[in-house]
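Let's read a protein model together, one question at a time. Have the picture open as you go.

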Amino acid sequence: MSSNGGVLLLRAADRRLGLSAAAARVLRDPRDPGRCRHSALAQLRQRLYGLALGYEDLNDHGELRHDPALQTAVDRVAPLASAPTLFRFEHWADRVTAVALNQVLIEQFIASFGAP
């Protein structure tokens, strides 16, 4: 069914750390919520997991969006976002978003220690 079974392990690690959820919370989503099929969190996870699996090109998501393992990892039972949708998603970011995402990484790093 899929050659991307490792994405489920990645999903488990991500959920334990809460990294993609924390990153999605700082993303500014300019879209009308009533017209969206894919949440910012789902798109972020799709893109991150795809990159971790070695699919660095958005073109890969034309077929990858139908992969059952990736759909499971992103918590969807329908096709994931298309390459054009992911392209638009990646271009929401601005300088403020970059700073906020860096802050998320810093907070994750600090939280990884039991004591200061």
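Helices (H or I, at least four residues) and strands (E, at least two) are DSSP runs, numbered from the N terminus. This is a predicted model, in which local features need pLDDT of at least 70 and side-chain atom pairs count only at pLDDT 80 or more, while totals for chains, interfaces and linings use all residues. Residues are numbered from 1 along each chain as its sequence is written, and side-chain values use heavy atoms, leaving out hydrogens and water.

Q: In which helix does Gly6 lie?
A: Look for the run that covers residues 6–17. Gly6 belongs to that run, which is helix α1.

Q: How many salt bridges does the structure hold?
A: A salt bridge is a side-chain nitrogen of Lys or Arg within 4 Å of a carboxyl oxygen of Asp or Glu. By that rule, the number of salt bridges held by the structure is five.

Q: How many residues apart are Arg11 and Asp75?
A: Arg11 and Asp75 form a salt bridge, with their closest N and O atoms 3.0 Å apart. Arg11 is in helix α1 and Asp75 is in the loop between α5 (68–73) and α6, so the pair links distant parts of the chain, and their separation in residues is 64.

Q: Which residues are linked with Asp75 in a network of salt bridges?
A: Asp75 forms a salt bridge with Arg15, the closest N and O atoms being 3.1 Å apart. Asp75 also forms a salt bridge with Arg11. The residues linked with Asp75 in a network are Arg11 and Arg15.

Q: How are α3 and α6 placed relative to each other?
A: Axes are lines fitted to C-alpha atoms, for helices over the stretch in contact, and angles run from 0 to 180 degrees between N-to-C directions. Angles under 35 degrees count as roughly parallel, over 145 as roughly antiparallel, 65 to 115 as roughly perpendicular and the rest as oblique. The axes of α3 (residues 40–52) and α6 (residues 83–90) come within 11 Å and cross at roughly 105°. Therefore α3 and α6 are roughly perpendicular.

Q: Which residues of α6 make the contact with α3?
A: Contact means heavy atoms within 4.5 Å. On the α3 side, the contact is made by Ala40, Gln43, Leu44, Gln46 and Arg47. On the α6 side, it is made by Thr85, Leu86, Phe89 and Glu90.
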